[in-house]
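Here is a short tour for a first look. Keep the sequence and the structure side by side as you read.

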There are 2 protein chains.
Amino acid sequence: MGSVGLDTVETRAGKRADVLGGAASYFSVAAAFLAPVRLTAVVGTDFPDAYTKLLETHQVDLAGLERVAGRTFRWSGIYAADFSTRTTLDTQLNVFQDFRPKLPATWTDSAYVFLANIDPVLQLGVLEQTKKPRFVACDTMNFWIEGKRPDLLRLLERVDMLLLNDEEARQLSGQANLPAAARAIRAMGPKSVVIKRGDAGALLFHEGGVFSAPAFPIEDVVDPTGAGDSFAGGFMGWMARQGDTSPATIRTAMILGSVLASFSVEDFSLDRFRRLDLGQIRERFAAFADLVHFDKIKI
Amino acid sequence: MGSVGLDTVETRAGKRADVLGGAASYFSVAAAFLAPVRLTAVVGTDFPDAYTKLLETHQVDLAGLERVAGRTFRWSGIYAADFSTRTTLDTQLNVFQDFRPKLPATWTDSAYVFLANIDPVLQLGVLEQTKKPRFVACDTMNFWIEGKRPDLLRLLERVDMLLLNDEEARQLSGQANLPAAARAIRAMGPKSVVIKRGDAGALLFHEGGVFSAPAFPIEDVVDPTGAGDSFAGGFMGWMARQGDTSPATIRTAMILGSVLASFSVEDFSLDRFRRLDLGQIRERFAAFADLVHFDKIKI
């Protein structure tokens, strides 16, 4: 569950207008390479059929995708030439403003639930519609950490994992040091915390200790939009595919998340996923293994 | 070869005045856990015997440590509470200003040579005193990249490896993207480039591909001074200990570098090294292996 929208994005590699975006779009297609996905979101009547078809082509179940009168959520932004910062030029909530996500009746048994970044009250609302999910993960952002902290804290008591970026982790915990921030956040509820650090990879803190997933060094980054959501998609896709929540599976899921994120940034919107297949995912998984491989020699 | 000095450092963990510092101090003691070290540097008559003894205790050969009339190099700095920035309060070159490093005659056969951050003219001068070293690595900084670029480029044509931080890599190459920066720097001469990223670890670009060494997540950082030099020390110590320059050895050396750097920040000055032994190094090497371990499963 999360946002599906139309993005207008400019990077050093070019510009795209009104292309498919939104956390739930990236998440769903990334996850769908590994497991069946059910998408809950809302779009307006202007949402292009081509994008509905794209999601369907990837076998994303759209029974939870509401189409209501009005315009689709829109975001527009521009990235610095070195990708170190991005500036939001425009955000139009449109139909997203009154989104009250409702799971189709047959979906309440969903075992692996991802609550993308959205008002924590709505994240809680979705969670309450599910019956004993096996593994619940959520994302959040500075806006909710500041503005809806009590609701966010109520949500955190009920999720297994929180994924957030380093600045959000510092803001939520009040701790500058990332291991300290993760410890503080784990005390709020989630047994596992994933801190995403962009091109510095991601750190997992959980009962199995600490795990460091590298980012894949990519020379030709085209558009970083959606990388974190693609990470979450690859992560949850692997969890659902394996059907277990062991520390070992969570570690492998971190790498699948990194794999999908690394593909995501190689083109605008979800375009790289259009020409992605499981063979390429396997190849890059092996490349990740090589990226961190060193001989376990005797010192 | 590099600087030995007296540091006055303030961090959230406390303050220390006139403690042992300098790139060559950290490098030498870190490397000495793994291989015999020969130190070329200069100090003044005020350099405390206790610090000379500390270096000797770690079996660092001080035949190249000149002691000349005048005061020892001094640096003073303060770190932000979150360690995100540091401010230099004072730098006094003192005897370091007229340092013209000279290798003892019996040291010209040194096989593994590390030229710590110092004027590239002096780095070249030391290199020219050596006879066919097997592996030469050097460090540098923004000051030389800006002010002595032609000399630095002449040096780079003659070294096997350059270690520098991400900002320096961007400045030297004119490339914001790190893999692109590394490619540009490798074209300047060094077959291997190590880009140090602080608590985001280090990236190695060389003929064996790309290798990502994580940083060890440390909750109680006391003083980050010298972490990069300790990394270089652990790295070169392992290279010298193994006596080969294969891609596999270079990768393992990256982890030993990370291990020594991770210990270095746990206390002020070289204090953590005073109570470090090979057993602890072995344990942390194993912890690094666990930090990046994931099952190489079939997708």
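How many residues does the contact take from chain A and how many from chain B? It takes 36 residues from chain A and 36 residues from chain B. Note that this is a predicted model.

**Where the chains meet**

Begin with the side of chain A that touches chain B. Helix 7 (178–186), strand 12 (209–213), helix 9 and helix 11 of chain A each supply at least two of its residues. Helix 11 of chain A gives the most, with seven residues. By class, this side of chain A has 24 nonpolar, four polar and eight charged residues.

**Two crossing helices in chain A**

Two of these elements also pack on each other. The axes of helix 9 (residues 247–264) and helix 11 (residues 278–291) of chain A come within 10 Å and cross at roughly 115°. The crossing of helix 9 of chain A with helix 11 of chain A is right-handed. Helix 9 of chain A brings A:Ile255, A:Ser258, A:Val259 and A:Ser262 to the contact, while helix 11 of chain A brings A:Ile281, A:Arg284, A:Phe285 and A:Phe288. Those residues divide into five nonpolar, two polar and one charged.

Is helix 1 of chain A largely enclosed or left open? All its residues, 10 of the 10, are buried, so helix 1 (residues 23–32) of chain A is largely enclosed by the rest of the structure. Among them are A:Tyr26, A:Phe27 and A:Val29.

Strand 6 (residues 86–92) of chain A is hardly covered. The count of buried residues among its seven residues is zero. Strand 6 of chain A pairs with strand 5 (residues 74–79) of chain A in the antiparallel sense, over six bridges. In this pairing, A:Ile78 stands opposite A:Thr87.

Now turn to chain B. Six strands form an open sheet there, in the order 7-8-9-10-11-12, with mixed pairing. Strand 7 (112–115) and strand 12 (209–213) of chain B stand at the edges. Each has a single partner strand, so one side of each is left without a neighbour in the sheet. From one strand to the next, the twist averages 15°.

Strand 10 (residues 192–196) and strand 11 (residues 202–206) of chain B run antiparallel and are joined by four bridges. B:Val193 stands opposite B:Phe205 in strand 11 of chain B. Helix 7 (residues 178–186) of chain B lies across strand 9 (161–165), strand 10 and strand 11 of chain B. This helix runs at about 140° to strand 10 of chain B.

| Strand pair | Bridges | Opposite residues |
|---|---|---|
| Strand 5 and strand 6 of chain A | six bridges | A:Ile78 and A:Thr87 |
| Strand 10 and strand 11 of chain B | four bridges | B:Val193 and B:Phe205 |

**One residue up close**

B:Asp229 is found in helix 8 (residues 227–242) of chain B. Why does B:Asp229 count as buried? It counts as buried because it has 30 C-beta neighbours inside 10 Å. Leaving aside neighbours within four places in sequence, B:Asp229 is in contact with B:Ala23, B:Tyr26, B:Phe27 and B:Ala116. B:Asp229 and B:Arg241 are 12 residues apart in sequence. In space they are 18 Å apart, C-alpha to C-alpha.

Methods
Residues are numbered from 1 along each chain as its sequence is written. Chains are lettered from A and ligands numbered from 1 in the order in which they are written. This is a predicted model: local features need pLDDT of at least 70, side-chain atom pairs count only at pLDDT 80 or more; totals for chains, interfaces and linings use all residues. Axes are lines fitted to C-alpha atoms, for helices over the stretch in contact, and angles run from 0 to 180 degrees between N-to-C directions. A crossing is left-handed if the near helix is turned anticlockwise from the far one by less than a right angle, and right-handed if clockwise. Two residues are in contact if their C-beta atoms, placed from the backbone, lie within 7 Å. Ala, Val, Leu, Ile, Met, Phe, Trp, Tyr, Cys and Pro count as nonpolar, Asp, Glu, Lys and Arg as charged, and the others, Gly among them, as polar. A residue is buried if 20 or more other C-beta atoms lie within 10 Å of its own, exposed if 12 or fewer, and partly exposed in between; C-beta atoms are placed from the backbone. Two strands pair if DSSP finds at least two bridges between them.
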